[in-house]
Amino acid sequence: FCMDEMGTIHWMRGNYGAAEHVVQDALEIRRQLGEEAAVASSLNGLAVIYRDSQRYDEAAQSFEQALALRRAIEDQRGLAYTLLHLGGVEGLRGNN
């Protein structure tokens, strides 16, 4: 998905505002299409951007939304990925 790649490039360059914008657009399109696995992936991407922007509460919220979708569609691999990163955010928030 081209928008994910564009978001990743912005994220890797530290341009979190542009990355967030692109990923938000991708998320909206995926929601409209009803692609739950893709929505969860976009939510994870958005959460990583928030985490790296030190917006930990927003990161946790996005990871929690992705987590709910991953559980609903029984995506075990995605569930593990999301839980791992959610745990990292909780650590950054001081919730050890």
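**Figure 1. The largest pocket of the predicted model.** The largest pocket has a volume of about 280 Å³. Thirteen residues form its lining, and those closest to the centre of the pocket are Thr 8, Ser 41, Asn 44, Gly 45 and Tyr 81. Two elements, helix 1 (2–12) and helix 3, each give two or more residues to this lining. Helix 3 supplies the largest share, namely six residues. Sorted by class, the lining of the largest pocket holds five nonpolar, six polar and two charged residues. The structure shown in this and the following views is a predicted model.

**Figure 2. Tyr 81 and its surroundings.** Tyr 81 belongs to helix 5, which covers residues 76–92. It is one of the residues closest to the centre of the largest pocket, and Asn 44 is also among them. When residues up to four places away in sequence are left out, Tyr 81 touches Asn 44 and Val 48. Along the chain, Tyr 81 and Asn 44 are 37 residues apart, while their C-alpha atoms are separated by 9.0 Å. Tyr 81 has a relative accessible area of 39% and is therefore classed as partly exposed, because this class lies between the limit for buried residues, under 20%, and the limit for exposed residues, over 50%.

**Figure 3. Ala 80 in helix 5.** This view turns to another residue of helix 5, Ala 80. Its relative accessible area is 46%, so Ala 80 counts as partly exposed. A separation in sequence and a distance in space can be read together for Ala 80 and Val 39: the two residues are 41 residues apart in sequence and 16 Å apart in space, C-alpha to C-alpha.

**Figure 4. Arg 51, a buried residue of helix 3.** Arg 51 lies in helix 3, which is formed by residues 36–52. Its relative accessibility is 19%, and Arg 51 is therefore counted as buried, since the term applies to values under 20%. The side chain of Arg 51 is joined to that of His 85 by a polar contact of 3.4 Å. Without counting residues up to four places away in sequence, Arg 51 touches Trp 11, Tyr 56, Ala 59, His 85, Val 89 and Leu 92.

Figure 5. Arg 93 is located in the segment after helix 5. A polar contact of 2.9 Å links the side chains of Arg 93 and Asp 57. Arg 93 touches Tyr 56, Asp 57 and Ala 60, with residues up to four places away in sequence not counted. With a relative accessible area of 33%, Arg 93 is partly exposed. The C-alpha atoms of Arg 93 and His 21 are separated by 24 Å, and these two residues are 72 residues apart along the chain.

Figure 6. Gln 54 sits in the loop between helix 3 and helix 4 (56–72). Its phi angle is near 60°, a positive value in a residue other than glycine. Gln 54 has a relative accessible area of 60%, so it is classed as exposed. Glu 74 is placed in the loop between helix 4 and helix 5. The phi of Glu 74 is near 55°, again a positive value in a residue other than glycine. Glu 74 is exposed because its relative accessibility is 63%, and the class begins over 50%.

Figure 7. The protein chain contains five helices and zero strands. From the N terminus on, its elements follow the order α-α-α-α-α. The C-alpha atoms fill a box of roughly 35 × 35 × 15 Å, taken along the principal axes. The radius of gyration of the protein chain is 13 Å, which agrees with the value near 12 Å that a compact globule with 96 residues would have. Of the 96 residues, 38% count as buried. Among contacts between residues at least 6 apart in sequence, 46% join residues at least 24 apart.

Definitions and conventions: Residues numbered from 1 in each chain as written. Predicted model: local features only at pLDDT ≥ 70, side-chain atom pairs only at ≥ 80, totals over all residues. Heavy atoms only, no water. Helix = DSSP H or I, 4+ residues; strand = E, 2+ residues; numbered from the N terminus. Buried < 20%, exposed > 50% of the residue type's maximum accessible area, 1.4 Å probe, protein only. Polar contact = N/O pair within 3.5 Å; in protein donor to acceptor, adjacent residues only side chain to side chain. Contact = heavy atoms within 4.5 Å. 1 Å grid on protein atoms, 1.4 Å probe; cavity = no way out; pocket = protein on both sides within 12 Å on 5 of 7 lines; lining within 4 Å. Points joined across faces, edges and corners; volume = space filled by probe spheres on them. Nonpolar A, V, L, I, M, F, W, Y, C, P; charged D, E, K, R; others polar. Rg over C-alpha atoms; globule rule 2.2 N^0.38 Å.
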